[in-house]
Amino acid sequence: MSAAPDPATADLATAGALALGDDALVLSHRLAEWTGHAPVLEEDVALANIALDLLGQARTLLSLVGDEDELAFLREERAFRNVQLVEQPNGDFAHTIARQLYFSVYQELLYGQLAAGGEAAPLAPLAAKAVKEVAYHRDHAEQWTLRLGDGTETSHARMRAGLDGLWRYTGELFRPVEGLAVDWAALEAAWLETVGGVLERATLTLPEGPRATGWSAGAGRAGVHTEPFGRMLAEMQHLHRSHPGASW
Amino acid sequence: MPETIIERGSRSGAESGSGPRTGTGAPAAAAQAAATPGTAPETAFEAKIAADERIEPRDWMPDAYRATLVRQIAQHAHSEIIGMQPEANWLTRAPSLRRKAILLAKVQDEAGHGLYLYSAAETLGTGRDELLDKLHAGRQKYSSIFNYPTLTWADVGAIGWLVDGAAIINQVPLCRCSYGPYARAMVRICKEESFHQRQGYELLHTLAHGTPEQHAMAQDAIDRWWWPSLMMFGPPDDESAHSAQSMAWKIKRHSNDELRQRFVDICVPQAEILGLTLPDPDLKWNEDRGQHDFGAIDWSEFKEVLRGNGPCNEQRIGRRRQAHEDGAWVRDAAAAYAAKRALGAAGPGEAAA
């Protein structure tokens with residue numbers, strides 16, 4: 001674990017690392033909630049594996065900012081900088097897959113840019129490693145989107161509902177994050193094209209409706225979250241907070 | 001993670017649901033039809049067993065050998081997937097990110113072990129769906145140890161140290177089991193289990209040397225998990241009905257009591273290093289035997305848990321059944337998608353929504 005944040009290095013890259021680290025931490029937690037009751041044993045393995053990749057990314061990113069455990073377990077809800085998309089409860093498997101599709105496509109494109117970009121040098125090595133993992137996550141989400149979209153009537157309807165329900169949280173993904181040298185407009189265009197392409201192959205279409213309302217566009221990045229997130233943190237932080245100063 | 005061979009004694013004849021299925025392997029089925037005691041296939045089988053060679057899926061084997069293996073492998077596979085529950089219970093509350101990563105990897109390993117083992121059972125002609133149906137219907141068992149609850153974080157450590165430790169002692173001899181696919185699966189499983197055991201021990205060591213509250217949490221976990229762990233080796237030898245035949249077939253290599261003694265002898269010095277007390281006033285070194293004496297096991301508890309009256313039997317199987325039912329539409333969708341692709345002509349993704 002690294003030392004407490006040093007004001008001299010608590011620069012823009014640190015703000016970026018915090019945002020991306022919180023995204024990975026929170027989504028990892030949500031995916032871990034599936035463990036032991038996935039629809040098929042292979043998915044217990046896959047979802048846990050993705051959760052583990054994300055947890056690894058979170059630990060690396062948060063360690064750039066400060067002590068990973070202090071950041072994960074001792075911050076209040078309003079201090080978390082993750083997008084609201086990743087904190088949304090799992091819902092059914094289609095809802096989880098819709099969240100995975102939206103987020104993994106975003107993360108792959110974002111890390112791709114960071115890995116290539118010189119200005120964000122502090123995050124480039126991490127991004128170069130993570131983008132390879134995320135490519136698998138995206139493929140996993142894509143393969144399931146095809147199966148659920150083009151499977152049965154039930155699965156199609158559930159996938160549709162998952163995509164629609166989470167759509168309002170996708171606008172926030174493209175709000176510039178301080179300290180990340182990313183072409184956000186290009187990122188959004190590529191995201192729409194990629195997600196739209198997968199959905200078309202899955203006999204689905206991009207949802208319609210607003211995705212930039214005041215409560216979901218940029219709110220998570222500013223520390224405003226949704227109600228279920230507080231309960232998630234209560235569970236996640238309870239044991240650590242119950243034993244102040246203890247080592248685990 | 002779990003052991004495979006508890007429950008032998010109390011369940012003889014109770015496994016009629018997991019009978020042999022020889023019909024799927026044509027060579028085996030043909031050989032089976034021709035085989036009567038003393039004829040060539042049986043002699044070849046006996047000779048392989050005697051020579052410590054592996055029996056492979058296409059080899060002739062006695063119906064009862066096949067049935068015993070299916071029962072044991074299925075029970076082991078079920079134990080892996082049910083065993084995910086008590087540990088997943090703490091995944092969302094792990095007190096540090098490092099511990100969370102370790103636990104997540106461990107539970108993922110268990111799902112992987114389930115996959116290998118169901119595959120091993122499949123080589124005997126019994127598929128995963130059929131075995132899961134039997135588990136869900138209560139016609140096949142899983143290790144009773146998972147019917148105990150994980151009440152504190154220290155239980156995660158106790159499961160690693162004691163439950164995985166006992167499982168390893170049970171399972172290492174299975175790497176030399178006479179049935180090839182099972183033996184090979186066990187080699188990999190045992191390597192991973194030994195990581196889990198060390199991780200659990202290290203977790204407990206940290207707690208035992210932490211704050212007074214953490215130490216107490218660790219001791220409490222050991223107090224609750226010690227005796228159930230000893231029961232994992234199954235009933236005493238003189239009450240273990242399946243053992244003799246399994247030993248003769250070299251599915252099993254050591255008796256229940258022998259393995260249990262080995263476990264106790266290994267744990268005693270480890271507990272001393274932890275600074276924790278094993279909850280058995282009769283536990284002491286016996287100079288003459290060169291082994292530890294230990295107190296009487298409460299087999300009535302074991303039988304009650306086995307009968308379905310343990311603290312978590314209903315919860316564990318209910319949750320498993322619920323997950324399976326909740327996932328039915330997903331599996332249906334995957335099958336429907338595959339069927340559409342198999343039809344082929346329409347091309348990918350062209351069907352109307």
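Biologist: Which side chains does D150(A) meet R341(B) through, and what kind of link is it?

Modeller: In this predicted model, the link is a salt bridge between the side chains of D150(A) and R341(B), with 2.8 Å from N to O. A pair of this kind counts as a salt bridge because a side-chain nitrogen of Lys or Arg lies within 4 Å of a carboxyl oxygen of Asp or Glu.

Biologist: How many salt bridges does the rule find across the interface of chain B and chain A?

Modeller: The rule finds 3. Polar contacts are a separate count: 14 residue pairs between chain B and chain A, both residues of a pair being at pLDDT 80 or more.

Biologist: Which elements of chain B give two or more residues to the side that touches chain A?

Modeller: They are α4 (84-91), α5 (97-122), α8 (180-208), α9 (212-231), α13 (313-326) and α14 (328-343) of chain B. The most comes from α5(B), with 14 residues.

Biologist: How do the residues on that side of chain B divide into nonpolar, polar and charged?

Modeller: On the side of chain B that touches chain A, 27 are nonpolar, 10 are polar and 12 are charged.

Biologist: How should I read the size of an interface?

Modeller: Size is often given as the accessible area that is lost when the parts come together. Here the area buried between chain B and chain A is about 4200 Å², and carbon and sulfur atoms give 68% of that area. In terms of residues, 49 of chain B are in contact with 50 of chain A.

Biologist: Now single residues. Is S28(A) buried or exposed?

Modeller: S28(A) counts as buried, because its relative accessibility is 0% and the cut-off for buried is under 20%. S28(A) sits in helix α1 (residues 12-32) of chain A. Leaving aside residues up to four places away in sequence, S28(A) touches A51(A), L54(A) and L55(A).

Biologist: What is the phi of T203(A), and where is T203(A) found?

Modeller: Its phi is near 60°, a positive value in a residue other than glycine. T203(A) belongs to the loop between α8 (184-201) and α9 (227-242) of chain A. T203(A) counts as buried because its relative accessibility is 11%.

Biologist: And where is D52(B) found?

Modeller: D52(B) is in the loop between α2 (40-50) and α3 (63-82) of chain B. D52(B) is not a glycine, yet has a positive phi of about 60°. With a relative accessibility of 47%, D52(B) counts as partly exposed, because that class runs between the 20% limit for buried and the 50% limit for exposed.

Notes: Residues numbered from 1 in each chain as written. Chains lettered and ligands numbered in written order. Predicted model: local features only at pLDDT ≥ 70, side-chain atom pairs only at ≥ 80, totals over all residues. Heavy atoms only, no water. Helix = DSSP H or I, 4+ residues; strand = E, 2+ residues; numbered from the N terminus. Buried < 20%, exposed > 50% of the residue type's maximum accessible area, 1.4 Å probe, protein only. Contact = heavy atoms within 4.5 Å. Buried area = accessible area lost by both parts, 1.4 Å probe. Polar contact = N/O pair within 3.5 Å; in protein donor to acceptor, adjacent residues only side chain to side chain. Nonpolar A, V, L, I, M, F, W, Y, C, P; charged D, E, K, R; others polar.
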